[in-house]
Amino acid sequence: MNLRKASNMTSIFTGLSAFPLTPTSETGVDEASFVGLIERLAAAGVDSIGALGSTGGYAYLTREQRSRAASVAVGAAGDTPVIVGIGALRTAQVLRMAEDAQNAGVAGVLLAPVSYQPLTSDEVFGLFETVTAELSVPLCVYDNPGTTHFTFTDDLYESIAALPHVASIKIPGIPGGPDAARSRVDALRTRLPRHVTLGISFDPLSTDGLNGGCDAWYSVLGGLFPAPALAITRAVRAGDASRASDLSAELEPLWELYRRFGSLRVMSALAEHLGLVGSPNLPLPLRSLDGDARDEVIATCSALGLLD
């Protein structure tokens with residue numbers, strides 16, 4: 001299966017979008033480490049960098065920290081497009097985040113319907129309608145029910161996809177294998193404009209999503225280990241679905257760690273072990289792994305060859 005070619009407006013929402021950590025302590029963002037992570041991804045040749053996504057801890061940062069991080073990411077990424085998360089509790093805050101991101105020179109933005117009170121579909125549509133009316137860069141609809149606790153319907157996808165500047169929808173992982181993923185993707189394509197790409201997340205199911213026809217992988221793995229993520233993405237692009245599936249299956253011990261500890265904590269521990277970030281690197285109350293859990297993560301990923 002070849003990844004679908006997209007128009008110029010949406011080409012940043014295809015291929016491998018790598019989502020790095022934003023190393024953060026109670027004194028602020030560790031900019032030097034953040035720059036190192038961004039430069040590492042750009043040098044690896046990822047298709048885009050998803051800064052300030054869920055792995056980037058955007059919800060825990062102030063407006064000033066997020067604005068600065070967006071500028072730092074764009075400056076460190078060189079020619080690699082940077083996409084920045086702009087989600088926040090209030091629409092007015094989202095609009096300010098969007099303004100800051102655009103002033104920083106980002107190629108696109110990600111918007112998740114963040115909330116404390118559960119949102120209705122009308123409220124989520126209203127959020128996207130208001131924000132897209134003010135944008136000058138393309139937007140990815142960031143559907144992450146594990147963090148937002150909001151479930152998009154296909155009707156809502158269709159309504160939002162018709163808004164200006166909407167260029168991609170990041171859908172959750174699709175269980176059931178590549179055939180189930182293909183069925184799901186094909187059904188969505190009948191409801192979306194051709195210029196809107198579909199991206200897949202949740203690394204353990206992402207290869208099935210790519211083999212099922214998704215255009216992009218919004219990847220936690222790629223944010224720290226771009227080489228294996230690129231190998232999977234390029235196998236799909238070359239039409240070698242079997243090779244992509246085999247590569248993902250080899251990483252099953254890592255996917256199991258995700259399920260047990262959460263991908264953010266796993267990546268935090270690994271980045272710290274590799275000396276790419278300091279300690280602490282997650283904003284409280286979040287904590288990285290320690291003790292037996294940390295030892296298990298390091299031993300498992302060493303056995304997988306990720307730490308070589």
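Predicted model: local features only at pLDDT ≥ 70, side-chain atom pairs only at ≥ 80, totals over all residues.

Colleague: How much space lies in the largest pocket?

Modeller: Here's the general idea: rolling a probe the size of a water molecule over the atoms shows where empty space is left. In this case, the largest pocket holds about 1,100 Å³ of space. It is lined by 45 residues, and those closest to its centre are Ser54, Thr55, Asn144, Gly146 and Thr147.

Colleague: Which element gives the largest share of that lining?

Modeller: That's α5, with 4 residues. Other elements supplying at least two residues each include α2, α3, α8, β10, α12 and α13. By residue type, the lining splits into 21 nonpolar, 17 polar and 7 charged.

Colleague: And what about the second largest pocket, which residues are closest to its centre?

Modeller: The space there is about 150 Å³. Its lining has 13 residues, with Glu272, Ser279, Pro280, Arg287 and Ser288 closest to the centre.

Colleague: Now the helix. Which residues of α13 are buried?

Modeller: In general, an α-helix has 3.6 residues a turn, so residues three or four places apart point the same way. In α13, which spans residues 263-273, the buried ones are Val266, Met267, Ser268, Ala269, Leu270, Ala271 and Glu272.

Colleague: What covers them?

Modeller: The cover for the buried residues of α13 includes α9, α12 and α14. After α13 comes Gly275, with a positive phi near 80 degrees.

Methods. Residues numbered from 1 in each chain as written. Heavy atoms only, no water. Buried < 20%, exposed > 50% of the residue type's maximum accessible area, 1.4 Å probe, protein only. Contact = heavy atoms within 4.5 Å. 1 Å grid on protein atoms, 1.4 Å probe; cavity = no way out; pocket = protein on both sides within 12 Å on 5 of 7 lines; lining within 4 Å. Points joined across faces, edges and corners; volume = space filled by probe spheres on them. Nonpolar A, V, L, I, M, F, W, Y, C, P; charged D, E, K, R; others polar.
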